[in-house]
Amino acid sequence: MSTNPPLAVDQHDDGGHEDAAMRNRETSEGWHDGSSEHAYSPYAAARTVFRHPRGDNDTMNSTQSLYDSDIVYINIHGRRYCKNYYMPNDEEEQVRSQMLHSVYFHLFDQKLTMVPLTNPRKILDIGTGTGDWAMAMGDEYPEAEVIGTDIAKIQPSAVPLNVYFEIDDAEEEGGWTWPKDEFDLIHFRAMLGAFKDWRYIYSETYQHLKPGGWVEVFDFDDHQTLMTHFDKELEIDKFLAAIAEATRIGGRPRSYTHLEPKFLAELGFVDISTSTTMIPMGSWSDDPGERQAGKHFLVAQLCGLEALCLRPLTEVLGWDPEEVRRICGIIATGVKAMALDHEKAKGLGFNVRVLVGRKPFPDELPASSPSTPRASTTGDTMGGG
Ligand SMILES: C[S@@+](CC[C@H](N)C(=O)[O-])C[C@H]1O[C@@H](n2cnc3c(N)ncnc32)[C@H](O)[C@@H]1O
């Protein structure tokens with residue numbers, strides 16, 4: 001276990017994260033580049049991504065890149081995006097993402113993974129974002145090589161020596177260019193709404209895991225427990241339904257079906273299990289550590305409302321951006337009031353589900369099953385939920 005995790009929640013934190021999140025909120029508003037491509041961010045330009053050679057065929061996938069200029073950023077109503085992904089990747093979102101990493105790290109008892117890793121050699125983090133999980137794993141497993149991939153270049157350049165970041169689109173057709181049977185763990189965190197077809201993603205995962213290697217998928221569930229705390233008038237359910245509808249129409253549904261064990265079972269994974277953990281929101285917990293994490297989580301959620309919905313609601317459903325911001329403001333006010341009411345807020349929070357599965361060793365495979373199943377290109381694409 002790392003003794004010095006990046007951005008672990010500080011019990012004596014004086015609210016610096018909150019301040020940073022609020023400050024960055026202001027800086028992003030200052031953008032004036034209305035063009036839809038190559039929107040400029042001073043933050044991204046200061047960062048570097050290292051490409052780690054993977055083998056003879058690694059030049060075949062043109063999405064892996066050494067150069068900042070290869071990444072196309074899209075500015076939509078003052079937020080910065082990459083490709084078709086529905087959430088922004090600007091400085092404001094990066095700070096929020098780092099806060100969330102600290103919250104998860106604290107609430108999962110400083111555990112970065114739920115899978116039983118023994119002497120792992122290669123770990124892959126798909127959609128690594130700011131790379132906090134990958135870097136913490138690099139600290140914890142100094143003998144392992146940890147690779148984080150993303151479509152956005154938002155990872156720091158000062159990283160543990162065994163950690164590498166690459167620009168790579170996990171949805172790229174033709175299959176991942178990693179060697180087969182390569183990784184001890186392939187990890188996905190908060191990737192809800194990122195993919196057209198999770199079956200394809202899980203199929204690639206299966207092929208590129210070593211026999212005995214693990215997949216781990218960490219995501220929020222459907223917010224039903226959260227909803228019980230709020231009056232109908234606040235219309236959070238309508239707001240979430242509109243986002244679900246917009247992302248469904250957009251082709252990358254923000255649904256929860258990818259957390260169902262059956263999708264791993266279909267591919268041949270074994271030792272499949274799920275667990276649910278509640279992330280408290282607000283300061284209602286009697287436990288000081290949970291209370292601190294709950295406050296950070298509240299700030300991250302309040303600051304994240306716009307990030308969650310601005311692109312899908314304006315681009316797909318045609319809502320006016322100012323109207324979207326107004327609705328976000330109303331919901332944020334309602335959520336904040338509830339979360340800070342010590343009595344009413346008891347039990348308020350989001351459920352996180354973690355799905356894990358193991359690729360079987362050859363001697364565990366039933367005689368008739370293929371050792372490397374490919375996703376079918378027809379049928380249910382796990383988009384419905
Ligand atoms: C909500 S963030 C989660 C980041 C990180 N996993 C974490 O938990 O902090 C989702 C990330 O997935 C990345 N992403 C979206 N679509 C992707 C794709 N097709 N391939 C790789 N990364 C993708 C986004 O750029 C973003 O950084």
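**Helix pair**

I started with H7 (residues 236–250) and H9 (residues 288–316): their axes come within 9 Å and cross at roughly 60 degrees. This is a predicted model, so I keep that in mind for every entry here. Angles from 65 to 115 degrees would count as roughly perpendicular and those under 35 as roughly parallel, so H7 and H9 are oblique to each other. I also noted the hand of the crossing, which is left-handed.

Next I looked up who makes the contact. H7 brings Ala242, Ile243, Ala246, Thr247, Ile249 and Gly250, and H9 brings Leu308, Cys309, Pro312, Leu313 and Val316. Sorted by class, that contact has 9 nonpolar and 2 polar residues, with no charged ones.

**Sheet**

Then I traced the strands. I found 7 of them in an open sheet with mixed pairing, ordered E5-E4-E3-E6-E7-E9-E8. At the edges sit E5 (163–167) and E8 (270–280), each pairing on one side only. From one strand to the next, the twist averages 15 degrees.

For a spot check I picked Thr276, which stands opposite Arg353 in E9.

**Ligand shell**

Last, I turned to the ligand. I got 22 residues around it, the closest being Gly127, Gly129, Ala170, Arg189 and Ala194. By class, the shell divides into 11 nonpolar, 7 polar and 4 charged residues. Which elements each supply at least two residues of the shell? I have helix H3 (91–107) and strand E4 (145–150) down for that. E4 also turns up in the sheet order, between E5 and E3.

Technical notes: Residues are numbered from 1 along each chain as its sequence is written. This is a predicted model: local features need pLDDT of at least 70, side-chain atom pairs count only at pLDDT 80 or more; totals for chains, interfaces and linings use all residues. Two strands pair if DSSP finds at least two bridges between them. Helices (H or I, at least four residues) and strands (E, at least two) are DSSP runs, numbered from the N terminus. Axes are lines fitted to C-alpha atoms, for helices over the stretch in contact, and angles run from 0 to 180 degrees between N-to-C directions. A residue is near a molecule or strand if its C-beta atom, placed from the backbone, lies within 6 Å of it. Ala, Val, Leu, Ile, Met, Phe, Trp, Tyr, Cys and Pro count as nonpolar, Asp, Glu, Lys and Arg as charged, and the others, Gly among them, as polar. Angles under 35 degrees count as roughly parallel, over 145 as roughly antiparallel, 65 to 115 as roughly perpendicular and the rest as oblique. A crossing is left-handed if the near helix is turned anticlockwise from the far one by less than a right angle, and right-handed if clockwise. Two residues are in contact if their C-beta atoms, placed from the backbone, lie within 7 Å.
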